[in-house]
Amino acid sequence: MAQEKNDVMEKIVSLCKRRGFVYPSSEIYGGFAAVYDFGPYGVELAKNIRDAWWQAMVRDHDNIVGLDSAIFMHPKVWEASGHVGGFSDPLAECRECHARARVDHLLEEAGVFADEKMTEEEINALLAENKDKIACPKCGKKNFTEAKNFNLLVKSNLGNFTGDWTKEPTYLRGETCQGIYTNFKNVLDSSRVKVPFGIAQIGKAFRNEITARQYIFRTREFEQMEMQYFVEPSTAAEAYEEWRAKRFQYYIDLGLKKENLRWHQHENLVFYAKAAWDIEYNFPFGFKELEGVHNRSDYDLTQHSKFSGVDLSYRDPQTNEKYMPWIVETSVGVGRTFLAVLTDAYTEEAVGEGDTRIVMKFPKKLAPVQIAVFPLMKNKQELVEKARGIFDELKKTFRCEFDDNGNVGKRYRRQDEIGTPYCVTVDFESLEDSAVTIRNRDTMQQERIVVSELQKYFAENLR
Ligand code: GAP
């Protein structure tokens with residue numbers, strides 16, 4: 001079973017490279033660990049994932065507004081947030097081959113409960129107790145140093161011209177939500193929102209992740225989709241449960257299989273959090289965190305009030321009561337959603353005569369290309385012209401691709417691998433009856449539709 005799952009991961013990685021979804025960063029230089037690039041189809045899929053999230057979180061709620069804060073922020077933000085002092089993972093080094101690894105992950109893989117929130121002492125006690133079980137993932141020897149907490153913030157010299165920027169570094173943001181907290185007052189003062197309300201943003205985040213494994217699941221540069229919902233303190237628990245329910249349903253509405261989703265409750269909470277649950281997805285390497293839903297209490301606004309000297313409390317315009325809002329957070333990575341969507345969609349099917357096809361059964365709203373239009377033959381001018389005409393019309397409404405490479409069978413295989421729900425073929429009969437063949441990705445069935453009905457057909461079928 002585990003081998004089968006490894007194979008699926010390898011097959012997904014290979015398909016992503018072969019079909020232009022994901023490439024390793026700087027590959028011509030040998031790659032750059034834990035950083036990836038999206039190729040032509042990947043960038044479309046990632047955009048559709050962002051758009052679906054934005055629709056569900058911002059456009060579908062009249063009390064949630066969007067924001068796009070800068071990646072760089074005042075360094076004090078990261079002191080106030082606790083990242084400079086405490087945003088770390090336990091790092092140990094293999095004494096034999098010098099590979100570095102996250103000890104909480106090694107312990108977990110050996111069946112010992114551990115997480116990154118444990119103190120150095122707690123982690124080292126577990127490491128000592130279980131040292132015979134903990135093998136180096138690189139050389140297999142069981143000889144690790146003690147763990148040390150390693151801070152994950154990525155430092156930079158932005159705006160520092162002293163030559164020794166390491167003393168007063170600026171940081172690439174470790175999470176997008178801090179830009180939401182620092183703009184809480186701006187949004188309140190410049191829009192019509194009143195508590196309870198949310199601020200949502202999508203943007204890049206950076207972390208010096210210790211181990212570079214599991215493909216795009218854990219990367220050093222990644223994109224988060226975060227929403228912070230500000231509430232009156234006594235209503236936080238209820239709002240939290242509402243958001244938990246909404247976010248789980250969101251993935252089902254997105255088209256992920258329910259059996260691949262489950263909840264995981266964090267027992268070991270960071271000191272300020274009142275509740276933390278993860279939505280886990282059944283990735284090829286097992287159930288792992290897809291999204292975190294957190295009740296962050298009033299910690300963030302209180303900290304930023306203290307460190308900035310600006311009072312971020314809220315006065316209720318009706319009751320005149322003043323309080324520090326509590327925050328319910330929903331946070332998920334674009335890359336992690338992308339990998340969940342790929343995993344859910346990846347299908348191998350027997351198609352007769354010992355042949356198999358690989359087909360990415362993406363939800364239609366997420367598919368990078370929704371309709372591929374083909375002329376039966378690329379060297380017949382009248383077929384090409386008619387197919388081009390259909391493509392030019394359909395592309396105004398749908399995501400379309402014009403494809404005249406190879407024979408139709410090969411085009412179907414290629415479109416299956418990039419997950420295109422429909423292919424439209426213009427053949428010689430089309431010149432007579434102005435009808436085309438539509439081939440369905442999932443059933444492989446074909447039907448004839450007159451060209452004048454195509455818009456209506458796809459409007460109904462691509463919803
Ligand atoms: N603001 C809260 C926060 O950042 P987190 O649990 O550290 O919480 C939230 O991250 C989500 O961001 C995760 O559930 C995951 O989807 C995504 N994420 C975090 N670290 C990531 C990484 N190194 N690579 C890819 N995605 C990551």
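The model is predicted, with local features requiring pLDDT of at least 70 and side-chain atom pairs counted only at pLDDT 80 or more, while totals for chains, interfaces and linings use all residues. Residues are numbered from 1 along each chain as its sequence is written, and side-chain values use heavy atoms, with hydrogens and water left out.

**Ligand surroundings**
- The ligand is surrounded by 21 residues, of which Glu175, Arg207, Glu226, Glu289 and Glu329 are the closest; a residue is near if one of its heavy atoms lies within 4 Å.
- A polar side-chain atom of Glu209 lies 2.8 Å from a nitrogen atom of the ligand, and one of Gln224 lies 3.0 Å from an oxygen atom of the ligand.

**Thr330**
- Thr330 belongs to strand E16 (residues 326-333); strands (E, at least two residues) and helices (H or I, at least four) are DSSP runs, numbered from the N terminus.
- Thr330 is buried, with a relative accessible area of 0%, where buried means under 20%, exposed over 50% and partly exposed in between (1.4 Å probe, protein chains only).
- Not counting residues up to four places away in sequence, the contacts of Thr330 (heavy atoms within 4.5 Å) include Met57, Trp243, Arg247 and Glu226.

**The five-stranded sheet**
- An open sheet with mixed pairing has the strand order E20-E19-E21-E22-E23, two strands being paired if DSSP finds at least two bridges between them.
- Strand E20 (400-402) and strand E23 (446-450) stand at the edges with a single partner strand each, so one side of each has no neighbour in the sheet.
- Strands E22 (residues 435-440) and E23 run antiparallel and are joined by five bridges, and Val436 has Ile449 in E23 as its bridge partner.

**Helices H12 and H15**
- Helix H12 (residues 381-394) lies across E19 (371-375), E20, E21 (422-426) and E22, running at about 165° to E19; axes are lines fitted to C-alpha atoms, for helices over the stretch in contact, and angles run from 0 to 180 degrees between N-to-C directions.
- In helix H15 (residues 454-461), the buried residues are Leu454, Tyr457 and Phe458.
- Seen down the axis of H15, these buried residues fall within an arc of 90°, so they line one face of the helix, the arc being that of the directions from the helix axis to the C-beta atoms.
- The cover over the buried residues of H15 includes H12, E19, E21, E22 and E23.

Definitions and conventions
A polar contact is a pair of N or O atoms within 3.5 Å; within protein, one must be able to donate a hydrogen and the other to accept it, and residues adjacent in sequence count only if both atoms are side-chain atoms.
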